[in-house]
Number of protein chains: 2
Amino acid sequence: GSIANIEKMSPDRVPLCLDLLPALSGEDTTKDFFQELVNILLSYVCKSFRRSSKVLDFHHPHQLREGLEGFSLELPDQPENLEQLLVDCRDTLKYGVKTGHPRFFNQLSSGLDVIGLAGEWLTSTANTNMFTYEVSPVFILMEEVLLRKMQEIVGWSEEEGDGVFCPGGTMSNLYSVLLARYHFFPEVKTKGMTALPRLILFTSAHSHYSVKKSAAVLGIGSENVVVVKCNDRGKMIPAELESSIITAKDQGCVPFYVNATAGTTVYGAFDPLNAIADICESHGLWLHVDAAWGGGLLMSNLHRVKLQGIERAWSVTWNPHKMMGAPLQCSAILVKKRGLLKDCNQMCAEYLFQTDKHYDTSYDTGDKTIQCGRHVDVFKLWLMWKAKGSEGFGSQVNKCLENAEHLFDKLNQRPDFELVFKSKPEHSNVCFWYIPPSLRNMPPGPERNRRLHEVMLHLGSLMLVIY
Amino acid sequence: GSIANIEKMSPDRVPLCLDLLPALSGEDTTKDFFQELVNILLSYVCKSFRRSSKVLDFHHPHQLREGLEGFSLELPDQPENLEQLLVDCRDTLKYGVKTGHPRFFNQLSSGLDVIGLAGEWLTSTANTNMFTYEVSPVFILMEEVLLRKMQEIVGWSEEEGDGVFCPGGTMSNLYSVLLARYHFFPEVKTKGMTALPRLILFTSAHSHYSVKKSAAVLGIGSENVVVVKCNDRGKMIPAELESSIITAKDQGCVPFYVNATAGTTVYGAFDPLNAIADICESHGLWLHVDAAWGGGLLMSNLHRVKLQGIERAWSVTWNPHKMMGAPLQCSAILVKKRGLLKDCNQMCAEYLFQTDKHYDTSYDTGDKTIQCGRHVDVFKLWLMWKAKGSEGFGSQVNKCLENAEHLFDKLNQRPDFELVFKSKPEHSNVCFWYIPPSLRNMPPGPERNRRLHEVMLHLGSLMLVIY
């Protein structure tokens, strides 16, 4: 079909990448090559949205490595021609996961937002870097506008707020711990942790593991993360937090940071932010809210009440690539105290961040991040915001939570499923077990749990085979 | 022109994003929208490659924020229609930097590789995540193949080598320090730096600032980075390294890590790797080679000799988004000791990295990285490698270094330019001053330097105005 056009263009031989731009007469070949690529990509996108297609044609690693139907992953010494590259592109999509498929349910992200996709195509065409204004004038300003809007939605005043888009929620959470440590002990930047007392962080048993990982990476140590008990819905118990803080102080340690979660990974639980903020305030601790998953609910007038108190946070992680459906990756760390990011991270590398440029160099964001070069993650979100408006995001969130409630109601009526909770979901997480006929009359207890877990494993394999 | 088609399709009103997929009859609107987007993007790409176009139509932050010619960055409550979104896309490119322009010279990256661009479009269409094999079967294997190839090129044996693609070279360097610390002091992961002696790192005065930044982030402290003197070509002096190590030991500190640079940021200098490796070996220190910039030269049989000794490194940073021309971002951290990445970083979050899946879970790379979700940075490089072959990358590097030598020769013949070094460049960095007529007869000294620096500032502003 379309690949044949490339052949037609050049009767002598199939063109190679050297025939594309910047080759002098490369415009036409480039346009033809991209036109055929776009045909492949768009037909993949359209197919992804059809329920009748498979989510994944699963193959084991060794099968794919052996080169299925001539699809070789090996890297050649000599160039392949453009026709073969298009076949490679088609095969790459063929053996991958259709993440835009209506039956693709991943941990906390699913679906393909086509406006977001358009944004990504433009971003990669612009192929630039977020470190300085002169190399990314438009994207730097878009990041500022987006961060400002998100801070406003969190509820911070106009005088407050800073932030940056990060490569994923774990990095955003890591930033929060890094900033909290620097805020209380600025000498850590130059002297290191050996100059500091033993610092303690607090997070709930249901929180994301990135808080522990951050403590490990930053040299605080994962054992210095106190895991606070949750109630049976997976929400942090404030009294437990307070007693943990007091115990840590009694042991001569220095509590400095509490992570509260707005939307836990498994249950979708919201920690009681105001109660936690009260405790942080009375003990003088940094309050971080990990709203990577739950942040999207701030866009909905119906559901934002679940994050009440978030405006009291010192920092917030919010991943638009989760509930708001932006393509991967799109994660923001929002910081209440302006200037802290820069003070904490700047190294003043003069060859890059000259302060005597002829424009306002406060827009050179590269010196306030951990990374030096930084991928442009903002444009897709900006374009989606233009396309939907704030209200569109609100409706999208409302619809998703209606769907969750619908699923909950359906499962509630069936004998072959068992809901983990009897009350309605707060987020879109609906936790349930499938109960096969053989287990329906078995009394609750460890043996039943063991067998239920086994069923789940088989279901997992089965799903990969079916879809 | 093309935008009019969108209007034609729907006589009643201009379509909105809700008319695109997954809307039931959204296929045609989606295809039309993308077709028009692709027209905009490709005509931008073609224009970028033309010398006659401007690299940048510079505007100050306040000018862009005020909304030039109706281009508003503000985020609306209500949706914009698809026609307006296409105008927004066009404006975004219009006010940005044409990084593919032949006259765009950025710090260590320039040009737009159109095969790499094709790879990025596919990557964003696949919209997936590198954390588990089941969600990214093909990309996970491509990463393995690429890392294996790069390790082989570095010169490690088949039994050695591990690695991961990271969001930028700073993160790759941070990984190296993190891994070195964990290798010597595995207890740091749980107990933190307070359980450790005072650790010292070594890097040269011309190295990238990310080594210091890593020390600050990881809780080691930037003051514990010893800056080793360089010779006048910007290469680390091995004898200075050795005496710095001995001094640190005498002061009761514990040296553990040396960063050698293969291709410094400003001079493009290569540290003497074998001499540094000898010192590291005799003192039992981790040798990291930051070849973010110089790694590309390994692809060239002519130039790889400049990195002799790199095979003795314990870890290597190599950014294909620099010398190899891959789109941003594409940076690898290569680690000689297999299993270390996982031991250092795993947190065993069971809900995500179940060990009882029905496939080989060693392919679930998410538990060996700092990040949890991870952007797919490998496909563009894989596709470029298919398109060029290893030999194509070699020729590309050779050509680039020939061009640098040509520039050097040209400047050497002119009275209006002064080369910083009298000998030929080792990498593609050619350092020079422009000498205006008024300074050509001025004797060397601080006053001349001051005035030369002023000239550079004005040239910088001028260049933004001209291009």
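Analyst: A:Glu143 counts as buried, at 2% relative accessibility. Buried means under 20% relative accessible area, exposed over 50%, and partly exposed in between, with a 1.4 Å probe and protein chains only. The model is predicted: local features need pLDDT of at least 70, side-chain atom pairs count only at pLDDT 80 or more, and totals for chains, interfaces and linings use all residues. Residues are numbered from 1 along each chain as its sequence is written, chains are lettered from A and ligands numbered from 1 in the order written, and side-chain values use heavy atoms, with hydrogens and water left out.

The partner is A:Arg374. Its closest N and O atoms with A:Glu143 are 2.7 Å apart, a salt bridge (a side-chain nitrogen of Lys or Arg within 4 Å of a carboxyl oxygen of Asp or Glu). A:Glu143 sits in helix α6 (residues 137–154) of chain A, and A:Arg374 in the loop between α12 (340–345) and α13 (379–412), so the pair ties together parts 231 residues apart in sequence. Helices (H or I, at least four residues) and strands (E, at least two) are DSSP runs, numbered from the N terminus. A:Arg374 is buried too, with a relative accessible area of 3%.

A:Lys235 and A:Glu426 form a salt bridge, with the closest N and O atoms 2.9 Å apart. A:Lys235 is buried at 19% relative accessibility. A:Glu426 is partly exposed at 22%.

B:Arg414 and B:Asp416 form a salt bridge at 2.9 Å between the closest N and O atoms. B:Arg414 is partly exposed, with a relative accessible area of 43%, whereas B:Asp416 is buried at 14%.

Some charges join in a network. Salt bridges link A:Asp278, A:Glu281 and A:Arg312. A:Glu281 is exposed on helix α11 of chain A, as is A:Ser282. On that helix (residues 273–283), the buried residues include A:Leu273, A:Ile276 and A:Cys280. The buried residues of α11(A) pack against α10 (238–250), β4 (254–261) and β5 (286–290) of chain A, where contact means heavy atoms within 4.5 Å.

Salt bridges also cross between the chains. The rule finds 8 at the interface of chain A and chain B. In one of them, B:Glu27 meets A:Arg50 at 2.9 Å, N to O. Helix α2 (residues 27–48) of chain A gives the largest share of the side of chain A that touches chain B, 13 residues. In contact are 144 residues of chain A and 144 of chain B.

Over all chains, the whole structure holds 38 salt bridges.
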